[in-house]
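Here is a walk through one model, from a single helix out to sheets, core and contacts. Have the viewer open as you read.

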Amino acid sequence: MQTVEVLIEVNNLKKYFRVGRNAFVKAVDDVSFNICKGETLGLVGESGCGKTTCGKTILGLYSTTDGEVIFDGVNIHALRPNEKTEFTKRAQIIFQDPYSSLNPRMTVGDIIGEGMDIHHLYKGKEREEKVFELLNTVGLNKEHVNRFPHEFSGGQRQRIGIARALAIEPDFIVCDEPISALDVSIQAQIVNLLMELQRSKDLTYLFIAHNLSMIKYISDRVGVMYLGNLVELTTSAELYDNPLHPYTRALLSAIPIPDPQEERRKQRITLHGEIPSSINPPPGCRFASRCQFAKEICTRAMPPLVEVDKEHFVACHLARQF
Amino acid sequence: MKNSKLLEIKNLHVSFTTYAGIVRAVRGVDLYLEEGETLAIVGESGCGKTVTVKSIMGLLPEEQAVISGEGAQINFHEHNLLAFDEDRMSAIRGMHISMIFQDPMTSLNPTMKIGDQIAESLIVHKGASGRLARQEALKMLRLVNIPNAEERIDQYPFQFSGGMRQRAMIAIALACDPEILIADEPTTALDVTIQAQIMELIKSLQRERNTGVILVTHDLGLVASMADRINVMYAGQIVERGTTDEIFYDPKHPYTFALLRSVPKLSDHKQEALYSLVGTPPDLIKPPVGCPFAPRCRFAMRICRDRPAEATHFGPSHSSYCWLHHPKANTSDVPETLLKEVV
C-alpha cells in the first residue's frame, strides 16, 4: 500500500456536557482515530451515541473536555482567532436537517456567498459567477439564486447546503446525516453527488449516519460508536465480512435487508434491553448490559481499542473468543 | 381465495383544500386486506399512503378533507365505513381497527399515566370496570415486554424511552384485540436495534391473534421482512401491486424498479453509482393527466404523458399500471427485468 497522508488526528477526545450538579453526559468519551487525505471515514451508531458531537468537536464547534484534534499538524482547539479563520476556511459541515440549517431570510445566493464574503475570496462579478458555478455543480439553476429556502424541496435544500459547504473550497467536510431527512430516491441523488464531488475536488469526508448500508456504501473505513465510545474501526468491507464486536454484529443483523429471501434465511440477533443513559455511565464496557457474552471483567474494566488484525481495531475484552 | 377479505377499499379519492389550491392527495386507490396477512403500502413522503390509511380510520380533518370518487367505498364486514357517522366510527376505532402512529412522543397523552391510556379503550369499548381494565393493562404491558410493568403502569410517557413508548402504543392499539392493525411508519423514529425488537413483537402478536396488519412505510428493508403483499404508491395512485417476492424479484413498474435499485445492498462491495431518479414527485395541486411518473421515467413515451396507464396483469396477484407492457410499446432499450413474462 502506498503511504497515506493523515489529515486529521483525533487523540483521546472527550466531550462531557454538564446536566446537573454532579451529572455529566459523556457524549464522547476517549475516542481516537485518524482520517487520511481523500478518504471517507464513516461513523455509525444509534441516536445519542455521540457521533454528531464527535463531528462538531472535530470542527471546533464545541470545545473539548479533554484530548486534542490535530488538523494538518496543528491542534485546532489551541488556535488564535486569526488562525481559527484560516482553519474554518478548510473545514466545513453539511447538516442533517435541510429545513432548519438554512436561514429563511437569506436568498440562496447570499447563503452560498456568505462564506466567500467572510474569507474575502471573491467580489462583485466574480462572486456572482462563482455562485452560479456552484449552483450548477450541485444540480440547480442560476435562476434559483434570488429565491428563498422555503421555495425548495428537501432534496434541493440539501443541495444548497452542499453548495454552501463547497463555496470556500474546503479540504474537509463533515457530513452529518446529510441524507436521513430525505426520501429514498432523493437519497441516491445526493449520495451520488457527494461521491462525484469527492473525486473531482479531492475532498476528505467524515460521514456520519445511522444507516449502516449507506455508510458501508460510501465509506472507505467505518467506525462504530456506542454510548460515546468507539467500539470498532476497520475498512467497510472487513466490517461487513468479519465484524468482531458483539454490538457491531447485532447492528448488522438488525438492519432489514431489501431482499425477502435473504430476510427469511437470516438468523437475527435481537438485543434485549434499552440503550442505557449516558449520564454517569457505569464503569466497564458500556455495552455489557445488553451483551449476551458479557463476563465479569466486562462490568469492571473498560476494554481498550486494540488492533487485532491489520487495520482492524476493536474494543472488546472477549474479541475472537466467541 | 381461501381467506376472507377483511377490508376492501374501492376507488378512494381524497382531496384537501389549502390556501394554494385543492391538493388531490389520493386519486383512485383500490386495495384489500385479508385475515392474518400483512399488506405493505410503500411510497415516498407525500404519495398519499398515510392519507389512505387515515381515511380507513376516519381520522382526516373534516373541514379540509373531501372524500369523493364514484362509488368510493371502504368496506369492513359488509359495512361501508365512509357512510358511518362519528358515533358509529368511534365504536369501530380502537375496537375493531387500531392504529399505531409514527411518532410515539406526540401521539401519547403526556398528562395521562400509561396504564390509564391502555385501560381507557377497554373501559370505553368493553365496558370493563376500572379494576379489571387495570389488570388487563398490566397484562398488555407484560405482553409487549415492558420490564417492571407493575411500576411502569403508573408512569407518564416522558419517563419512557422511545422504544418503550412505541411498545406502550402497541399495547394501547391491541388492548381490545382488533381485527385490523394499521402501523403507520411504526419504527421511523427508532434506532435499528430497537426497530428489530418492535417488528418482532408486532409479528408474534399478529401470529397469536390472526390480526390483519397494514404496514405503511418507505423502508424497503422493513417490507422485505414483514410483508406478504405490497402495494407501491406514487403521487396518490397505486402503480404496482403484488406479493413480496413478485415486487422484489420481478418488478414491472419503472418506479418500483428505481426504488429497489436506489438502496445500496449491504453485501455489495462494488462502488458503482447508485441508480438514481432525476427530479421530484409531481405537484398534486395540478396532477398530471397521464402517468404521474412519466416526467421522471427514462422510458416514458408520448402516450405516458397523455393518458393514464391501464392495468396489466402478470398473474393472479401481480399487476402494474404502465404503458410499457402494452403490446404496441417500443421497448427496445428497457431492462429485461421490467418486461419478461408479459401476458
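## Helix α9 of chain A

Let's start with α9(A), which lies across β9 (221-226) and β10 (229-235) of chain A and runs at about 105 degrees to β9(A). Axes here are lines fitted to C-alpha atoms, for helices over the stretch in contact, and angles run from 0 to 180 degrees between N-to-C directions. Helices (H or I, at least four residues) and strands (E, at least two) are DSSP runs, numbered from the N terminus.

A quick note on provenance: this is a predicted model, where local features need pLDDT of at least 70, side-chain atom pairs count only at pLDDT 80 or more, and totals for chains, interfaces and linings use all residues. Residues are numbered from 1 along each chain as its sequence is written, while chains are lettered from A and ligands numbered from 1 in the order in which they are written.

Which residues of α9(A) are buried? They are A:Pro246, A:Tyr247, A:Thr248, A:Ala250, A:Leu251 and A:Ala254. Buried means that 20 or more other C-beta atoms, placed from the backbone, lie within 10 Å of the residue's own; exposed means 12 or fewer, and partly exposed is in between. Their cover includes α7, β9, β10 and α8 of chain A, together with α8 (192-209) of chain B.

## Two sheets in chain A

One open sheet has 8 strands in the order β6-β7-β8-β3-β9-β10-β12-β11 (chain A), with mixed pairing. Strands pair if DSSP finds at least two bridges between them. At the edges sit β6 (91-94) and β11 (306-309) of chain A, each pairing on one side only, and the twist averages 20 degrees from one strand to the next. Inside this sheet, β7 (residues 172-176) and β8 (residues 204-209) of chain A run parallel, joined by 5 bridges; A:Val174 has A:Leu206 as its bridge partner in β8(A).

The other open sheet is antiparallel, with 4 strands in the order β2-β1-β4-β5 (chain A). Its edge strands are β2 (24-36) and β5 (74-75) of chain A. Helix α1 (residues 51-58) of chain A lies across β1 (6-18), β2 and β4 of chain A, at about 120 degrees to β1(A).

## Where the chains meet

The contact between the chains takes 33 residues from chain A and 36 residues from chain B; residues are in contact if their C-beta atoms, placed from the backbone, lie within 7 Å. On the chain A side, α6 (184-201), α7 (212-218), α8 (236-241), α9 (246-254) and α10 (260-265) each supply at least two residues. The largest share, 7 residues, comes from α6(A).

## The core and chain B

The largest nonpolar core has 188 residues, and B:Ala171 and B:Ile214 have the most contacts inside it. Such a core is a set of buried Ala, Val, Leu, Ile, Met, Phe, Trp, Tyr and Cys residues joined through C-beta atoms within 7 Å. Not counting residues up to four places away in sequence, B:Ile214 touches B:Leu33, B:Leu39, B:Ile41, B:Val53, B:Ile180 and B:Ile182.

An automatic or database assignment sets the domain bounds: chain B gets domain 1 (5-227) and domain 2 (234-240 + 249-264 + 273-339). The contact takes 17 residues from domain 1 of chain B and 12 residues from domain 2 of chain B.

Terms used. Contact = placed C-beta atoms within 7 Å.
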